[in-house]
Structure formats: C-alpha cells, structure tokens
Amino acid sequence: MKKLGFGLMRLPQLDPANAASVDVEQVKKMVDRFIEKGFTYFDTAWMYAGFASENVAKEALVDRYPRDSFTLATKLHAGFFDSPEDCDKVFQEQLKKTGAGFFDYYLLHGVDSENLSKYEKYGCFRWLLEKKEQGLVKHIGFSYHGDAECLDGILTKHPEMEFVQLQINYLDWESEWIQSRRNHEVCVRHDKPIIVMEPVKGGSLACVPAEAEKLFRAAAPDRSIPSWAIRFAASLPNVMVVLSGMSSMEQMEDNLSYMDEFIPLSEEEQKLCFRAGGIINAQIAVPCTGCSYCTEGCPVHIAIPQYFSLYNEIMREDMEQKGWTVSFSNYDALAQTHGKASECIACGQCEGICPQRLPIIEHLKSVSAKFDH
C-alpha cells in the first residue's frame, strides 16, 4: 500500500468550539480525492473528534465505497473499559458506528508503562487475538507512548502483535519522553512494521521558526515545510504507513503531491531535518501535539491544546516591541465558551491521559500568567 494514511482525528469542523461538529461534506470530498489517488489507509478511534470520528468514517467512507477498496483501523483505549465485557461492548459499538463489518487493523490504544497492567489484567492481548481468530479483525497491534525498555518487553511477551503505531518525527527523535529513535529501533529489532503517528507533531512542524524555514527553503524552495516531516518518517526502515491528520483539502493536496510518487530523504536531507529540529525545540514552550485527549473529561471545559498553541505563539513574539498580539484576542474569544486557564482545579485527569506526559497543570499556570488579567 502507499505510505500515506488518512488520520480521522483532526477533521474539518463546522464549529471550532465543538470537536464533534465535523464538516462531513468536506470530509467526503477529501476521502474521494484520497482514494482517487490510490491511497487506502484510514485511521480512527473511539474518542476521536468528540467521539464522532467513527460515525464520520461510516458516512464518508464505508457507506460510499466497496469494503475491499480501503483499509480501516480503529482502537480500544484503556480509559473506556473496566472488564472484558466492557471491551466487547466497545468493540460491538464500533462495528455499529462504522458499519465496517470487520476492521483491517485493530489496536490497543496508547499503551505505556502505566496502563499496560490494565491491558494485561483484563486479558486484552488475548482478547484481541480472539477477535482476529473470529475474522472480525485482520491485523492486530497497539499504539505506544512509553519508553523503549517497556516496548521491548511487550514485544518479547506478545510476539503475536503484528505491528506497532509509534509517535515518530524529527523533533522527538532524541526526546527523553517520546523516544522516537529508541522505540523505532526496538520495532526494527523485532521486525515489526511501524505505523507512524504525529509525524508533523500536531502541526508544530508545519509552521516552523523563520530560521528553520530558511534551511528548508534553501535546500528545496518548492517543497512545503510539512513535506519534510512526513517524508522523514516515511523514509525510515520498517515504516508501513505515515498518518496525517488532514483537516482541509489544501493539506491533503499538499500531502498527495509528494507521497503519490514517494521519494525517501537522502542522508543529507535527514541531517537537515535534525538541524531544523534543534532550532524548533529551542523555541517551543509547551510541546503539545493538540490531540485533545485531555479536554473530553475536563470538568471546567478548558481549551487546553488551543491555549497551549496561543501560549507558544506569544512566547515566540518579541513582546517588548509589540506589547500586544492577536493571540490575546484569540484567547479572550475562546474563554467566552471555555474555562479560563486560571480556572483549572488541578484534578489531574488531563495529565493522566496525556500521551506526551506533559505537566499540564503547571503549564496552565504559565498560560494564565500571560493571558488572564
């Protein structure tokens, strides 16, 4: 299969304040274009797009195309079951929501050293294998957000897992928390195909600091900035698919332009990505990918990823010269429909589910210090 996958998490929205308000008609056009160009891999999950993503997959994809013309992946997250019976309930509801009949790829979602015990306690690895034996799943695996040592242990204990989904991008390649390189190396040693998530790190690698952009433009003036990130991931050994959470036709057309006839990065181009990564890392205050896992259970309805994005923008500004930036107005507008950063009650649910392991409560204090007056 072609190496670009359509991630159905960051879909176009009709109302930015409502994650479930997906612009389905636009998604249909994007699905049509994606399939027209010969791409087949679609990735969704139980809670994506305010729990609406699987329904959108049915309406935009499953109901409109022959079942053998595409591959569909979805996932079971540890936050939504407390018994083997719960796992079955979620799975059956996913079959109903998608109308897919079966899943080409099914993943235990967001496995790490902290929630691994829950997946083991309820026999989820065996449960997943049974779904494959029943013909309800073709390929079984898991997405992973932990360290390389734990990953090696899982693959040693569960060789039946056929693939792993990893966060890989040139910014996180040597990250102590994400461990993109080390986790990639573990999968290669175990000869497991890799599906890449967050290749553009929630959009962080689509709009880079001027100094980093200058490096890329000097090397290839006509290439888009995001193309470097996606091609970096797709060029790595064992990578089967690189997921891109495309939220507009413009983003899709850009991705298709260089992934249709994919050319791997050269060694020099890879080194250029690492140089740019050093520049970018030095300027990111909060390395949030905007996955929004943290927002669904927030009792105060704080727009955490959006606030972090605005905070990152303002921290890159020269505030001594500007004194004001549009980020302040954008924050005030968001605060009309969401809790302010200062209203965080420090319950910790957001930190418990954050794949990046961010100290969200402390970061919100920093956001509040900048924006709440």
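Trainee: Setting aside neighbours within four places in sequence, which residues is phenylalanine 42 in contact with?

Mentor: Once those neighbours are set aside, phenylalanine 42 is in contact (heavy atoms within 4.5 Å) with Phe6, Leu8, Val31, Phe34, Ile35, Leu61, Phe70, Thr71, Leu72 and Ala73. Keep in mind that this is a predicted model, in which local features need pLDDT of at least 70 and side-chain atom pairs count only at pLDDT 80 or more, while totals for chains, interfaces and linings use all residues. Residues are numbered from 1 along each chain as its sequence is written, and side-chain values use heavy atoms, with hydrogens and water left out.

Trainee: And how many residues are in the largest nonpolar core?

Mentor: There are 90 residues in the largest nonpolar core, and Phe42 is listed with Phe6, Phe142 and Tyr170 as having the most contacts inside it. Such a core is a set of buried Ala, Val, Leu, Ile, Met, Phe, Trp, Tyr and Cys residues joined through side-chain atoms within 4.5 Å, where buried means under 20% relative accessible area, exposed over 50% and partly exposed in between (1.4 Å probe, protein chains only). Helix α10, residues 225–234, supplies the largest share of this core, with seven residues. Apart from it lies another core, of 24 residues, which includes Val286, Tyr307, Leu310 and Tyr331.

Trainee: How are those helices assigned and numbered?

Mentor: Helices (H or I, at least four residues) and strands (E, at least two) are DSSP runs, numbered from the N terminus.

Trainee: New topic, then: how many cavities of 30 Å³ or more are there?

Mentor: A cavity is a set of points, on a 1 Å grid over the protein atoms alone, where a 1.4 Å probe fits but cannot get out, and its lining residues have an atom within 4 Å of a point. By that rule, four cavities reach 30 Å³ or more.

Trainee: Which residues are closest to the centre of the largest cavity?

Mentor: Of its 15 lining residues, Cys288, Cys291, Cys294, Cys354 and Leu358 are the closest to the centre. Helix α13, residues 304–316, gives the most to that lining, with three residues. By class the lining of the largest cavity has eleven nonpolar, four polar and no charged residues, counting Ala, Val, Leu, Ile, Met, Phe, Trp, Tyr, Cys and Pro as nonpolar, Asp, Glu, Lys and Arg as charged, and the others, Gly among them, as polar.

Trainee: What about the second largest cavity, what lines it?

Mentor: The second largest cavity has a volume of about 80 Å³ and is lined by 13 residues, with Cys298, Pro299, Cys344, Cys347 and Cys350 lying nearest its centre. Its lining divides into eleven nonpolar, two polar and no charged residues.

Trainee: Where are they found, and is each one buried or partly exposed?

Mentor: Glutamine 179 is found in the loop between β6 (163–167) and α8 (180–189), and with a relative accessible area of 10% it is buried. Alanine 346 is found in the loop between α15 (326–335) and α16, and it counts as partly exposed because its relative accessible area is 45%.

Trainee: What about lysine 131, is it buried or exposed?

Mentor: Lysine 131, which is found in helix α6 (residues 124–133), counts as buried because its relative accessibility is 4%. Leaving out residues up to four places away in sequence, lysine 131 touches Asp88, Phe91, Leu136 and Val137.

Trainee: And alanine 218, buried or exposed?

Mentor: Alanine 218, in helix α9 (residues 210–219), is exposed because its relative accessible area is 69%. The C-alpha atoms of alanine 218 and leucine 11 are separated by 32 Å, and these two residues are 207 residues apart along the chain.

Conventions
On a 1 Å grid over the protein atoms alone, a cavity is a set of points where a 1.4 Å probe fits but cannot get out, and a pocket is an open set with protein on both sides within 12 Å along at least five of seven lines; lining residues have an atom within 4 Å of a point. Grid points are joined across faces, edges and corners, and a volume is the space filled by probe spheres set on the points.
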